[in-house]
Amino acid sequence: MDSRLRDYLLVTAGLLMVWQGLAVFVADPMLPGPLAVIQAIIHEWRSGALLHHLEVTFRRVAIAFVCAMILGGLLGWFMGRSQRANRLLDPLLVLFLNLPALVVIILLYVWMGLVEAAAVLAVIVNKVPNVAATIREGARSLDPQLEEMAEAYRFTRWQRIRDLWLPQLFPYLMASMRTGLALIWKIVLVVELLGRSDGVGFQLHLAFQLFDVTTILAYSFSFIAIVQLIEWGLLQPLEKRARRWQGEVHHA
Amino acid sequence: MLELDLKEKGYDQRLLGDLNLQIAAGDRLALVGPSGCGKTTLLNIIGGLDRAFKGQRRLADPEPKIAYMFQEPRLLPWRTVEQNLRMVCSSRNQALDLLDEVALLEAACRYPRELSLGMARRVALARALALEPDLLLLDEPLVSLDPSTALRMLRLVETLLKKRPKMALVLVSHNPDDAVRIGAQLLEFDTATGEVLLPNNEKSASAGQLLV
């Protein structure tokens, strides 16, 4: 077992023990221990409810994530490459960056009704400005020397995208994917709580009305586990593969 | 192949004087002078990278292929040596042949990070040759190399040129000896006036290729 995994398990086990100790000490249904939460997870899993709501929420997260990355990426790219595009769009970007997520959600629900499209669109509108701002930085920091080289060697458009621009934008894409995933699933929960009748956010809403902390924690941890799995199974291998050319990189 | 009729070129100060330059197949020309005298600027104009000048740059028909080797190797750091060549080469075999020519076949799978400056320059040279250029532009190919590596590079350029007698060459260098060694005609720069001087202060080139 490598030392990173050992440390990770050590910290997790420590936190669980502290939590269980506190729960036993307080002895109040408002603070269930990890065992109670695990039991609730198993119970919800068996009934099929957990899987159903996780799936619904995950689908919303996935659609919003893909759309926000594509739209925000393109927007950020044009703003970073063209001064004129930046001049025209920058005030709008600042406005949307500072617009509270809740305002967007409420407005879209009011205008479009409590429908799926409104829910997903609200999440996309919230996320696009963040992606755009990050990718814009990346687009501005492209190496002019390599650009000149590509010009001199008549790189095709496809070669420029694949071999010149994407590798330089990669760290910025990774950063916006990481923060994007974290932000999007949180907003999706709010969207579900306010106006959908399924999904993890909806279940949290029900549990909140009953002050059922155990269920709240059961659903929260289940989804956190999914996000963690995406990080391990998708983002980290992707990053490792793309950073091969830098040799061994040790993160602090 | 290429004719350059330069009126003047300057930013805040006059950088290059009037110059008429004609390059034909097989010409070997060296732009020599101290740093900051405008050698690279002239090379950029010849190569078509710098279009902000008064005058005309005429290319023959069919348009000659021009390959530019920059002073920095400018390889894609996220691509291996072979992949860097494949960006320009038409086939894998051509890439490997060129790597063999610059004696770097065993470095084909390495990333630019793992190369010394001399090796990276040789990859950049191979990449320039991959275009099968009619005109090769070399910007200070020997600068910041230690003497033995520089000598090796110079010999390599000599060999490559011998194999390609029809390819024209314009070399930028601060050292006239290097240029003489590969048999290039010198075009010296005078920093004070921005004028380009010919050897022995002639007013026109013997071969009729240069008219200053």
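Trainee: Which residue meets B:Arg164 in a salt bridge?

Mentor: Please keep in mind that this is a predicted model. A salt bridge pairs a side-chain nitrogen of Lys or Arg with a carboxyl oxygen of Asp or Glu, within 4 Å. Here the N to O distance is 2.9 Å, and the partner of B:Arg164 is B:Glu101.

Trainee: How many salt bridges are counted between domain 1 of chain B and domain 2 of chain B?

Mentor: Chain B is divided into domain 1, made of 2-65 + 133-206, and domain 2, made of 76-131. Their contact takes 19 residues from domain 1 of chain B and twelve residues from domain 2 of chain B. Polar contacts at this interface come to five residue pairs, both residues being at pLDDT 80 or more. The count of salt bridges between the two domains is two.

Trainee: Which element gives the most to the side of domain 1 of chain B that touches domain 2 of chain B?

Mentor: The elements that give two or more residues to that side are strand 7 (135-139) and helix 5 (147-163) of chain B. By class, the side has twelve nonpolar, two polar and five charged residues. With seven residues, the element that gives the most is helix 5 of chain B.

Trainee: Which three residues supply 32% of the area that domain 1 of chain B buries against domain 2 of chain B?

Mentor: The two domains bury about 1200 Å² between them, and 66% of this lies on carbon and sulfur atoms. The three residues in question supply more of the area on the side of domain 1 than any other three, and they are B:Met153, B:Leu156 and B:Leu160.

Trainee: Let us turn to the two chains. What area is buried between chain B and chain A?

Mentor: The contact takes 20 residues from chain B and 18 residues from chain A. On the side of chain B, the residues that lose the most area are B:Arg74, B:Trp78 and B:Met87, together 37% of what that side buries. Carbon and sulfur atoms give 61% of the total, which is about 1800 Å².

Trainee: Which element of chain B gives the most to the side that touches chain A?

Mentor: Two elements of chain B give two or more residues to this side, namely strand 6 (66-69) and helix 4 (117-130). The side has 14 nonpolar, no polar and six charged residues. The element that gives the most, with three residues, is helix 4 of chain B.

Trainee: How many helices are there in chain A?

Mentor: Read along the sequence, chain A follows the pattern α-α-α-α-α-α-α-α-α-α. Chain A has zero strands, and its number of helices is ten.

Trainee: How many residues apart in sequence are the parts that the pair of A:Trp19 and A:Phe221 ties together?

Mentor: This aromatic pair is tilted, with 5.6 Å centre to centre and 40° between the planes. A:Trp19 lies in helix 1 (residues 3-26) of chain A and A:Phe221 in helix 10 (residues 213-242) of chain A, so the parts tied together are apart in sequence by 202 residues.

Notes. Residues numbered from 1 in each chain as written. Chains lettered and ligands numbered in written order. Predicted model: local features only at pLDDT ≥ 70, side-chain atom pairs only at ≥ 80, totals over all residues. Heavy atoms only, no water. Domains from an automatic or database assignment. Contact = heavy atoms within 4.5 Å. Buried area = accessible area lost by both parts, 1.4 Å probe. Polar contact = N/O pair within 3.5 Å; in protein donor to acceptor, adjacent residues only side chain to side chain. Helix = DSSP H or I, 4+ residues; strand = E, 2+ residues; numbered from the N terminus. Nonpolar A, V, L, I, M, F, W, Y, C, P; charged D, E, K, R; others polar. Phe/Tyr/Trp six-rings, centres within 6.5 Å; stacked < 30°, edge-to-face > 60°.
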